[in-house]
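Work through the exercises below with the sequence and the structure side by side, trying each task before reading its solution.

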Protein chains: 4
Amino acid sequence: MSDAVTAVLLLSCADQKGLVAAVSDFLYQNQGNIIHADQHTDQEEGVFLQRVEWELEGFALPRGEIEAAFRPIAERFEMTWRLSFSDAVPRIAVFVSKLPHCLYDLLARWRMGEFQADIPLIVSNHDDLASIAEDFGVEYRAFAVTNETKQESERQIAELLDEQGIDIVVLARYMQILSSDFVARYGHQIINIHHSFLPAFAGARPYHQAHERGVKIIGATAHYVTAQLDGGPIIAQDVAQTSHRDAVPDLVRKGRDLEKVVLARAVDLHLRQRIVVYGNKTVVFD
Amino acid sequence: MSDAVTAVLLLSCADQKGLVAAVSDFLYQNQGNIIHADQHTDQEEGVFLQRVEWELEGFALPRGEIEAAFRPIAERFEMTWRLSFSDAVPRIAVFVSKLPHCLYDLLARWRMGEFQADIPLIVSNHDDLASIAEDFGVEYRAFAVTNETKQESERQIAELLDEQGIDIVVLARYMQILSSDFVARYGHQIINIHHSFLPAFAGARPYHQAHERGVKIIGATAHYVTAQLDGGPIIAQDVAQTSHRDAVPDLVRKGRDLEKVVLARAVDLHLRQRIVVYGNKTVVFD
Amino acid sequence: MSDAVTAVLLLSCADQKGLVAAVSDFLYQNQGNIIHADQHTDQEEGVFLQRVEWELEGFALPRGEIEAAFRPIAERFEMTWRLSFSDAVPRIAVFVSKLPHCLYDLLARWRMGEFQADIPLIVSNHDDLASIAEDFGVEYRAFAVTNETKQESERQIAELLDEQGIDIVVLARYMQILSSDFVARYGHQIINIHHSFLPAFAGARPYHQAHERGVKIIGATAHYVTAQLDGGPIIAQDVAQTSHRDAVPDLVRKGRDLEKVVLARAVDLHLRQRIVVYGNKTVVFD
Amino acid sequence: MSDAVTAVLLLSCADQKGLVAAVSDFLYQNQGNIIHADQHTDQEEGVFLQRVEWELEGFALPRGEIEAAFRPIAERFEMTWRLSFSDAVPRIAVFVSKLPHCLYDLLARWRMGEFQADIPLIVSNHDDLASIAEDFGVEYRAFAVTNETKQESERQIAELLDEQGIDIVVLARYMQILSSDFVARYGHQIINIHHSFLPAFAGARPYHQAHERGVKIIGATAHYVTAQLDGGPIIAQDVAQTSHRDAVPDLVRKGRDLEKVVLARAVDLHLRQRIVVYGNKTVVFD
């Protein structure tokens with residue numbers, strides 16, 4: 001977390017010889033001072049993925065010309081790629097329902113400067129958490145979501161996100177399923193926290209399911225949202241030990257800490273451009 | 001792990017007032033020197049469970065009379081209960097297929113005296129691991145198991161277990177499903193290791209399933225075997241972190257260590273009379 | 001976390017026969033409906049410790065008479081003991097310096113009702129975090145602490161705590177060492193979070209020490225404060241994996257989440273009367 | 001764990017521009033099919049470290065000429081470097097005293113083919129474990145080590161290791177301190193397991209120290225041996241939760257599983273050429 005502004009290149013493509021040489025040569029020729037570089041080859045799928053980060057200061061190309069200069073290499077290897085800069089400040093909307101612990105945690109982190117992002121908006125299907133938003137000086141918008149109103153509410157929410165220039169949506173225990181249309185609009189820019197170690201206990205009431213099954217470990221999973229419920233690419237997971245002494249309220253209590261830490265870790269990795277999605281998986285360059 | 005011989009009482013019954021007082025009074029009246037006592041009340045189910053262990057030396061009742069003396073209390077509270085002694089040496093049969101890591105681990109622990117038990121017999125559906133049995137001086141019996149021969153093989157195995165006076169069956173990566181008849185004969189005396197954090201990835205090839213799903217954590221689960229595949233009461237679970245760098249062979253490699261440690265922990269807890277099963281769950285008094 | 005009011009008895013004494021029988025008989029004779037009971041015998045030290053919790057409703061003794069009724073038993077066995085009630089609302093003062101993450105976390109938990117306690121006061125040796133206190137409507141008092149002013153500041157702080165009727169002090173990354181006089185006034189009612197897995201890296205700058213040593217795991221430790229720096233009875237610890245990729249700022253980032261979760265867990269255990277201290281250790285009846 | 005033979009290059013040097021480009025260009029020019037590549041820059045120390053692994057089949061240079069061809073690059077950047085091949089089979093001597101669990105585990109892994117290595121020799125300062133060596137068909141040599149004989153015994157051991165062509169020494173709970181001369185002979189080819197999460201509880205009887213301190217977590221640490229007792233570069237660590245219920249024998253029991261798994265993981269990483277030591281730390285490219 002140096003203060004110097006850096007450029008980050010995330011890329012993936014079919015594995016082929018000369019890839020690393022081409023990218024590293026591009027940086028070398030332009031005097032790039034590499035801060036972080038990591039790569040991964042999925043041998044089975046024949047996919048190559050890379051993250052490279054270098055300082056803008058001293059780089060031969062001004063920031064506005066990097067993309068154009070790199071494009072020929074990207075095209076030669078048919079890369080999927082993204083260039084970003086460490087001083088960008090994306091705008092996050094947090095979606096909540098009635099449970100406040102993840103919301104409090106995200107807002108406190110934002111206030112403490114842990115996230116390189118803004119949180120200008122909280123969206124909910126209930127009024128319950130409005131006062132927290134007020135304490136933190138963030139706009140809070142509640143939309144009644146019933147079977148009848150769902151489509152219209154989503155339309156209004158999408159409009160609101162557009163108006164506010166929202167880049168990333170974080171579902172912080174938001175107890176509504178987003179339509180596949182809504183999800184599609186945001187690509188891999190919607191992060192959800194599910195309160196189980198997926199794929200165990202997908203769907204409703206995972207702590208009740210866990211208690212019923214008598215597991216000795218509970219977990220939490222942060223993932224990108226896709227059209228398949230609780231089925232998107234997993235970003236981060238963590239677990240905690242439990243025992244027969246833990247009734248459902250104890251699992252809920254222990255789980256809250258997992259949820260908020262795992263969700264924040266996923267948001268942090270996303271903001272620091274550490275994640276590449278391919279297929280239904282993530283590569284996390286931490 | 002004192003060398004003094006102890007008695008262990010494991011009991012469960014409907015929760016009711018006076019239970020603890022009755023059991024503790026019984027021990028106190030007979031000069032019982034309590035070494036370990038633990039209890040649990042499942043408030044939802046209204047079930048009370050207890051483990052109490054005391055030294056035989058100095059106890060007013062000779063070991064042969066304890067059961068009869070305690071029976072009136074057990075009947076008054078309609079307890080399910082079991083009395084055992086720490087110098088018992090139950091006989092274990094280990095069932096294996098082709099993978100040796102859990103077998104090696106169990107045999108080495110037995111040889112080192114970690115288990116208060118004997119392992120006189122290894123049963124397999126393949127010949128592959130016979131030489132390991134030989135190295136450790138344990139009888140190895142292979143039974144071809146195909147759809148046609150399965151019933152007959154199980155009959156022969158059951159006969160063999162009877163002849164050998166086997167008390168406990170440990171499935172150490174045994175890749176055959178036991179019939180519900182066979183399972184029923186042994187009650188909660190069959191322990192299996194499954195190579196995932198159940199209920200995730202039940203059934204075949206869990207490491208492949210885990211890799212496919214892109215989880216960031218893998219696990220292993222030891223459980224009592226019931227008629228429902230991978231569905232019995234969970235005794236112990238553990239997990240390990242993984243990343244995109246782990247291909248299936250890496251998951252297998254990391255998972256092996258989880259499997260052998262978790263299985264051995266379950267066997268150890270079982271042998272030390274630390275487990276009470278109720279419903280489809282365990283209470284582990286560790 | 002039922003809403004019914006309960007009584008909690010925490011006791012310790014020399015191990016002797018008849019202890020459990022005496023306590024359970026006392027509860028049984030008075031119609032006590034036991035909600036939770038746990039006990040531990042330290043065989044080496046010959047110490048017996050117990051926690052028992054029962055519902056006040058239906059108990060034969062009114063709450064004001066329980067203490068007197070139990071006293072004869074306590075005296076007979078020479079117990080150290082404490083009786084408390086689940087509807088008590090102790091008052092916590094949080095001590096901070098410049099780092100806000102533990103403070104934010106404690107205040108949010110308090111606001112969400114996770115703690116059965118009040119937090120009316122924040123004490124600091126700096127002004128930095130005053131605005132957070134303001135956001136949460138809590139009094140914030142800063143006292144300059146230098147070598148010259150330390151004694152006088154502590155005197156003023158102690159006076160303030162008395163005025164405010166503070167029961168518990170939580171050091172949430174408070175970077176000053178309290179005098180042994182101050183510590184003695186509060187007995188085991190001061191909880192500190194240290195940002196290492198003690199006893200490794202006691203003292204200053206533990207993340208720098210950890211990085212220097214090249215450990216693969218970092219940790220956090222919550223403990224009762226005693227006159228010996230970072231040497232008091234440990235309540236809770238947790239760890240996180242690290243790697244060579246983690247520079248000091250990364251350790252700080254990962255460590256923050258450990259610190260706040262471990263500190264909150266310790267405060268929660270303390271408030272729920274789950275801890276007995278004996279010697280320089282804790283028994284945590286969770 | 002493909003069966004194709006690969007070359008592995010491990011290198012470190014002062015960080016400088018053009019490094020990655022030079023190495024990747026070398027491989028690209030010679031048609032190297034890269035299987036694994038990872039790198040790390042220690043920004044504070046200004047050190048660059050890299051691991052790259054590629055298939056020999058299809059590489060333009062025969063295995064015998066790679067070293068000479070790479071040398072100019074290594075010299076240009078003043079690298080410390082090592083080239084190795086995945087079909088090498090280094091020879092390991094395991095040093096033990098009286099505790100067998102790590103020895104059993106290493107021998108079983110070797111027999112199962114988990115290690116790409118041979119274990120032709122066990123060295124001990126006691127006779128106790130000779131029969132295990134016999135079961136596995138490995139030579140066992142005991143040397144009495146007292147203050148008087150230590151120097152002479154070490155001389156004889158060193159001679160024996162030379163005769164046997166030993167490459168790597170694994171201290172599997174070997175309870176003797178090796179002289180700095182002996183350690184110096186083997187560079188970073190001696191791996192030790194210490195039964196605590198170092199730097200906590202270095203030296204003798206760590207489980208007793210841990211019990212005395214009342215920690216809630218115990219650990220094990222595998223490290224390269226240096227002249228400083230328990231102070232060498234850490235390779236791997238793991239921990240397990242404990243509670244007040246765990247007396248010293250319980251810590252020993254839980255710790256055994258940590259020790260053997262952590263030691264084996266370190267040996268495995270070493271054998272797969274995954275570790276670079278720099279300063280008193282390791283970079284583990286897993």
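**Exercise 1: the contact between chains A and B**

The contact draws 25 residues from chain A and 25 residues from chain B, where two residues are in contact if their C-beta atoms, placed from the backbone, lie within 7 Å. This is a predicted model, in which local features need pLDDT of at least 70 and side-chain atom pairs count only at pLDDT 80 or more, while totals for chains, interfaces and linings use all residues. Residues are numbered from 1 along each chain as its sequence is written, and chains are lettered from A and ligands numbered from 1 in the order in which they are written.

Task: describe the side of chain A that touches chain B.

Solution. Begin with the strands (DSSP runs of E, at least two residues, numbered from the N terminus, as helices are from runs of H or I of at least four): strand S11 (234-241) and strand S13 (281-284) of chain A each supply at least two residues of that side. Next, sort the residues of this side by kind, which gives twelve nonpolar, eight polar and five charged; here Ala, Val, Leu, Ile, Met, Phe, Trp, Tyr, Cys and Pro count as nonpolar, Asp, Glu, Lys and Arg as charged, and the others, Gly among them, as polar.

**Exercise 2: chain A laid on chain B**

Solution. Finally, 100% of the contact residues of chain A recur in chain B, the same surface serving both copies.

**Exercise 3: a helix of chain B**

Task: say which residues of helix H7 (residues 206-213) of chain B are buried, and where they lie around its axis.

Solution. The buried residues (20 or more other C-beta atoms within 10 Å of their own, C-beta atoms being placed from the backbone) are B:Pro206, B:Tyr207, B:Ala210 and B:His211. They cover an arc of only 140°, taken from the directions from the helix axis to the C-beta atoms, and therefore lie on the same side of H7(B). Their packing partners are strand S10 (217-224) and helix H8 (248-271) of chain B. After H7(B) comes B:Gly214, with a positive phi near 75°.

Methods. A residue is buried if 20 or more other C-beta atoms lie within 10 Å of its own, exposed if 12 or fewer, and partly exposed in between; C-beta atoms are placed from the backbone.
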